[in-house]
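Me: I've got a structure open and I'd like to learn how to read it piece by piece. Can you walk me through a few features?

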Amino acid sequence: MKGNLNLIIEQSRLLKAIARNWAFCFLIFFVVLFSFTGKGFLSIVNFQNIVHLSVIAMFMAAAETFVIISGGIDLSVGFVMGLSSVTAGKIIQTLFNSGNYSVGVCILIGSVIALVVSLIPGLISGIMIAKFKVPPFIATLGMWGITNGIALKICEGFPVASLPDALTKIGNGYTIYFKKGSGINFFSLPEGVANNQIREYLRLIPISFIIIFIVIFVLRHILNNTTFGQHTYAIGGNEDAAIRSGINVQKHIIKIYMLSAFIAGMAGVFNVFQTGIGNFTTFGAMYELFGVAAVVIGGASLMGGKGRLLASIIGVLLIAVLENGLLISGVEPFYRYIAVGFLLILAIVIDQLFPDLF
Amino acid sequence: MQSLMTQKNKDLLLKIGKQWAVIFFVAEIIFFGLTAKGFFTVNVFQIVLFFGTAVMLMAVAELFVIITGGIDLSVGYVMGLSTIIATKLIVYFSASGMPEFWGIFFGIIITLVLGLIPGLINGLLVSRLNVPPFIATFSMLGISHGVSELLLTEGAAKNLPHLANVIGNGHFLYFVKGGGFSFFARPEVARGVKVFELFPNVVVITLIIVAIFAFVLSKTVFGIHTYAIGGNEDSAIRSGINVKNHITKIYMLSSLLASSAGVIYMLKYVTGKADAGASLLLDSIAAVVIGGACLTGGKGTVWRTILGAVIIAVLETGLRILGIPTFDKYIMVGVILILAVLIDRIFPETTYKE
């Protein structure tokens, strides 16, 4: 039966494409479904919100994609993000309060330092995994605790608040503001319009879209078109063969974990822009696990060697649409945890049934 | 002669490597004894064990799974779910007129039985559908979190009968100087007379459970099969072990232990909380790894795991006495975890198997 099914799918290109991209088909299915069940689901504003709110999850999934393709796992991304967010927040706050620097300089310095700091946990877990052969699960779980502790120490247990307003103006800004009769404005509301009138304007293309689009584009290029990406797949597929074909596997693995931590760091900096405060990560957030979930839903295998960046992003969107749609349809939001659980199991079962698809 | 010396040195080094967790534990106790005022009292040790109960149970749950080469991410939220189920059931029973004791008794029994379900599903997914343990148990983490939040939408889990508090925060033995002993119930004494409290009930219950599972792992066929599966699954299959059933049982056992941790939490704090065990994932896995187990399976013992759990519990209490915020605990646990694995790498012959 299973063999027959495989054969049928092998023969039909269309079916093969559907089975290969089942997450995308599910995404479309849910969008259509919720358009009927949820009032207000099918609107540009709502779709923009869904993507805007899942940008952080997309960063996480992108980070996990690289690590998982190489055959590892990175549990520390969520707390590295918290560390980076708190670091950026603290530095911006300190510089801003000292009054010696302009807002732009403060934000720039804070973001750059946070990004550099976020490389450190990646470097350490990379060295432990590559040189000392510590299992990735343990090494990054250790980092999970360490980065969380350091982030909490930096901010002393409270979010870093009272940062310049410019942050949220960028993080939550839109490219186009449009109102019938008063024309189009780019990047900010027209002069003299108060913030409470913002609802009268149709806002299009959040700035976060542009940021995440560029990031994904660059990362996808790295993964698909460069030697770095090729080697990542090679190491995940068969580490021994990769070593024999002359790849410096240890160095490469260190780089992958640094890249993963760096992407998590970008998520942290973005988080400061989005919320206007430096947030530490709470235990319940489980960014890392939802990141892994999105990657697995996107068809990657935890054994390594398999995975596509865009498919992981589809995985994130699937979870986000499910969450948003259930909420708008009036279902208790907690069903989302349950739904993600089922999606994950489904992903694995599909992967097991058709191992040759990806 | 020279080579003998180096051999001797090597043996010594190996011995130290083998016992590093014990050495670390002693060093930790001495450190806190010197720096933290009032650390060396019976009360503090009881507090360490009292707050360590959850970590101990979760670590033993994790140990069984890790010995078979798997991992169980769901223990924390299964524990949370159990606190809520137990609280709601007991409140319901006592509202329907059942005597307090029997309400608590049946509430706990039903909770423990229900606590087997997540493990059953995990086990079936892992053993029959070949879902990687990481994914299967993560799905179960989400599902149990969702279910507990759903249960909480009808109102918080609280208002347990007073008896729960008496059991959870009471002690096994009380004595008054010159006044004799009394079991379970605090003696009525005049104001100002000091009552010594020994053996908190929850610690006694936890240690009994742990002892049972230590016996199961080291002395029964079930335990031997567990090691066999973790050591080499293929040869376990060939030697006639029903590996699929055994793995299902292991995950059921793990979630049973997690839900007993939930019941104990419910007795201690007299409430139910969805994220009661959320932060314990790191602690429990760390305890297992400090205890010398290895994530690839086949290694680890219960008592060493308990030592790992106690190391973490002492750290937590010691830091609290020193007035250092708990943030440092996360850092320390992370560092110790990594240290444990590094030592395992440097002395590969040192790890344990019974």
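This is a predicted model: local features need pLDDT of at least 70, side-chain atom pairs count only at pLDDT 80 or more; totals for chains, interfaces and linings use all residues.

Me: How do I check the length of helix α6 of chain B against its 13 residues?

Reply: Count 1.5 Å a residue. Helix α6 (residues 116-128) of chain B should then span 18 Å, and its end C-alpha atoms are 17 Å apart, so the two agree.

Me: Which residues of α6(B) are buried, and what do they pack against?

Reply: For a helix in general, 3.6 residues make a turn, so residues three or four places apart point the same way. In α6(B), the buried ones include B:P118, B:I121, B:N122, B:L125 and B:V126. The buried residues of this helix pack against α16 (335-353) of chain A, along with α4, α7 (133-152) and α12 (243-269) of chain B.

Me: What about helix α13 of chain B: why is it described as largely enclosed?

Reply: Look at the count: a residue is buried if 20 or more other C-beta atoms lie within 10 Å of its own. In α13 (residues 280-290) of chain B, 11 of the 11 residues are buried, so the rest of the structure largely encloses this helix. Among them are B:L280, B:D283, B:A287 and B:I290.

Me: And what surrounds α13(B)?

Reply: Its buried residues pack against α8 (136-155) of chain A, plus α2 (20-35), α3 (42-67), α4 (75-95), α14 (302-322) and α15 (327-346) of chain B. After α13(B) comes B:G292, with a positive phi near 95°.

Me: Now the strands. How does β1 of chain A pair with β3 of chain A, and with β2?

Reply: Strand β1 (residues 174-179) and strand β3 (residues 202-206), both of chain A, run antiparallel over 4 bridges, with A:Y174 opposite A:P206. β1(A) also pairs in the antiparallel sense with β2 (residues 183-186) of chain A, over 4 bridges. There, A:F178 has A:I184 as its bridge partner. The β1(A)-β2(A) hairpin has 3 residues between the strands, and A:G181 takes a positive phi near 95°.

Me: Last one: what confidence does the predictor give chain B and the complex?

Reply: Chain B has a mean pLDDT of 86, with 93% of its residues at 70 or more. The complex gets an ipTM of 0.79 and a pTM of 0.86.

Methods
Residues are numbered from 1 along each chain as its sequence is written. Chains are lettered from A and ligands numbered from 1 in the order in which they are written. A residue is buried if 20 or more other C-beta atoms lie within 10 Å of its own, exposed if 12 or fewer, and partly exposed in between; C-beta atoms are placed from the backbone. Helices (H or I, at least four residues) and strands (E, at least two) are DSSP runs, numbered from the N terminus. Two residues are in contact if their C-beta atoms, placed from the backbone, lie within 7 Å. Two strands pair if DSSP finds at least two bridges between them. The expected span of a helix is 1.5 Å times one less than its number of residues. pLDDT is the predictor's confidence in each residue, from 0 to 100.
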